[in-house]
Amino acid sequence: MKLSAIRPVALLLARELIITALLLLGVSLVVFIVLYLSPGDPFSQLIATQQATGPSQPKTSDALQTFSAFQQYLIWLTHLLQGDFGASLRTGLPVLNEIVRVGINTLYLTIGSMLVTLLVAVPVALSSARRGMTMLNWPFTMFAYIISALPVFWLGYVVIYIFLHKFNLFPIIFGFSNNQKLSWLYFLLPIFVLGIGNGTLSEIVRYLREEMGRVLAEDYIRIARAKGASIWKHAFKEGFLLPVTEIIAAKIPFILGGAVVVEQVFNWPGMGRMAWQAAQDRDYPVIMGIAIMAALIVRCGSLLQRVVSIVVNPRASRT
Amino acid sequence: MMKHYQQQHTDIGEFSDISFWKKTDKLDLVYVSYGLVIVVAVIVSYILGTFNWLPYDPQEIDLELMMGLPGEGGHLLGTDFLGRDILTRLIVGIQAYFLPGLLAISIALIFGTLFGVLAGYWGGRFDTIITYGSNLVDSFPRLVLILLMIAAFKPDIYYIMVVVGITNVPVVTSLIKGRILLLKQQNFIEAATAIGLRDNVIIFKHILWFNCRTILIIQATLGMAEAILMETSLSYLGFGVQEPTPSWGNMVQSGANYLLKGKLWLSSAPALAILLTILGFHLLGDGLNNILERRRNGQAI
């Protein structure tokens, strides 16, 4: 590739990076405003715990009262950027370490369930994009509607019930089983439930079908067909890669939100359960850290999606 | 090419020789009528609950008849683990989300339309700011944002629904904006400006009323489904309506222990109510969308 071709791509990528950084700054501002406005001045407590664990000089929460809101925000943000999210009010442990520790479990859960969703959605979407609406995919459409209206917590209990009674497997507790051979099952059930029940399935099918259908109707696909070239190869980038990355990036927040509920049902020790516990206890540092982490994950996902779309089609990404 | 041509030209008017019934997919009509039945049922149940016209007292405990099956002892949908009538509790449970849901919808529609018009009609700097604002709101998983609010303020359901409404604003904004950008390519807005119509007439009459009301109706139905899902999830997690006041979410939650012991009906009844209601709102929205939007564009999907 010539330098002149790389440069605009690099510029676009730099622009996306800056936008992501600005949005993350906005995220921190939103979280700050929420905590700052909440009654009982939790924010000073929060900064006090930050400094208890952090590297900089200690300040008491009384001393913080004398600072203006903006100064408090700056102090908080500098700590945040150094990776100091403060300490949990309940356990006293540093928040960031805790989030990273349980975040891995949530990552397994969300990535696994995303894969499950795609494994169901992609074949259906592709086959119906190619052949149009047939009698075969009408029942599936109906099934997808019902699945996305199903309350995921009830689905979780029903799945547990089925495995408990019909297959005589119990107890369903994460990471613990008296039968080592079956521990993979306890691991897979929540992933499966979240993948099916996160309510995004029908939307993903519809989106992929429309995008693929649109690309298959393009002139260049007709030409490829006419000269006998592989259609899938020609339609892959525009009709598959871009829509799939787009829909994944757009659905990350929904999957993370669904994880809160599913982790509750299955006692899965992840970020969602931690967020639930923190909201119960009004443990501000923890819930703040999780909100920022979740937003970070969402923004990184959408940054990746932008990178893919810029690399695949630099011309269309220019604004 | 052909498809492109159709998109450009059938959008201008709704005049067509083909009658409404002929060009409408019968399946969409089934969807819409099912959805309407659900909407009517929800509204009627809400009114019944408000005026307390109920078959039983929702709190009345009957230890003689615990976990009765449907139809047992005159209870149409059976009784729960304290012998309370499930049908009555389902009807009263609608109180938990109906008005808050309407609040969430109104916020999403009003602000979504406002920002959509600002970004689409005037564009420029408004567009940039609103796009970044939307991205910012979209950065938070909705449930996490609500849990943050709960930790900070211990808000009641109305404030939570304000947050749900705000998180729905970007969707409405982008739809309205997209529609306006599409309309701007056709020349009737230019023509309206040329004959001296004021901006507010063009926006309210020609853009919003003639061309965007279906989007808003559809978003309202989907928004209600969203609100129900949110309210039931929160009550399930224990942050919404608390026992003994019934809500569909806390009914599923309190029945779940019995579910694992084999009493499926206790939590399945409210779960089915959630399922059928959300399904109704989704099908209503999608059916209306297919009938009013896609068919109008001459695309058969």
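This is a predicted model: local features need pLDDT of at least 70, side-chain atom pairs count only at pLDDT 80 or more; totals for chains, interfaces and linings use all residues.
**View 1. Where chain A meets chain B.** Start at the place where the two chains touch: 40 residues of chain A are in contact with 37 residues of chain B. On the chain A side, at least two residues each come from helix 1 (3–37), helix 6 (137–149), helix 7 (152–166), helix 11 (231–266), helix 12 (271–281) and helix 13 (284–312). Helix 13 of chain A gives the most, with eight residues. By class, this side of chain A has 32 nonpolar, five polar and three charged residues.

**View 2. Helix 11 and helix 13 of chain A.** Now look at two of the helices from the previous view as they pack against each other, with axes 9 Å apart and an angle of about 170°. Helix 11 and helix 13 of chain A are therefore roughly antiparallel. Among the residues making this contact are A:Leu241, A:Thr245 and A:Ile252 of helix 11, along with A:Val298, A:Gly301 and A:Val308 of helix 13. The contact of these two helices has 13 nonpolar, five polar and two charged residues.

**View 3. Helix 7 of chain A.** Here is a helix whose length you can check for yourself. Its 15 residues, at 1.5 Å a residue, should span 21 Å, and this agrees with its end C-alpha atoms, which are 21 Å apart. The buried residues of helix 7 of chain A are A:Val152, A:Phe153, A:Trp154, A:Leu155, A:Gly156, A:Tyr157 and A:Ile160.

**View 4. Helix 7 and helix 9 of chain B.** Over in chain B, the axes of helix 7 (residues 157–185) and helix 9 (residues 199–237) come within 9 Å and cross at roughly 150°. That angle makes helix 7 of chain B roughly antiparallel to helix 9 of chain B. Their crossing is right-handed. Residues that meet here include B:Val164, B:Asn168 and B:Arg179 in helix 7 of chain B, and B:Ile215, B:Gln219 and B:Glu226 in helix 9 of chain B. The residues of this contact divide into 15 nonpolar, four polar and three charged.

View 5. With 25 other C-beta atoms within 10 Å, B:Tyr31 is buried, because a residue counts as buried at 20 or more. Leaving aside residues up to four places away in sequence, B:Tyr31 touches B:Leu283, B:Leu284, B:Asp286 and B:Gly287. B:Gly285 is 254 residues from B:Tyr31 in sequence, yet their C-alpha atoms are 8.8 Å apart in space.

Technical notes:
Residues are numbered from 1 along each chain as its sequence is written. Chains are lettered from A and ligands numbered from 1 in the order in which they are written. Axes are lines fitted to C-alpha atoms, for helices over the stretch in contact, and angles run from 0 to 180 degrees between N-to-C directions. Helices (H or I, at least four residues) and strands (E, at least two) are DSSP runs, numbered from the N terminus. Angles under 35 degrees count as roughly parallel, over 145 as roughly antiparallel, 65 to 115 as roughly perpendicular and the rest as oblique. A crossing is left-handed if the near helix is turned anticlockwise from the far one by less than a right angle, and right-handed if clockwise. Two residues are in contact if their C-beta atoms, placed from the backbone, lie within 7 Å. Ala, Val, Leu, Ile, Met, Phe, Trp, Tyr, Cys and Pro count as nonpolar, Asp, Glu, Lys and Arg as charged, and the others, Gly among them, as polar. A residue is buried if 20 or more other C-beta atoms lie within 10 Å of its own, exposed if 12 or fewer, and partly exposed in between; C-beta atoms are placed from the backbone. The expected span of a helix is 1.5 Å times one less than its number of residues.
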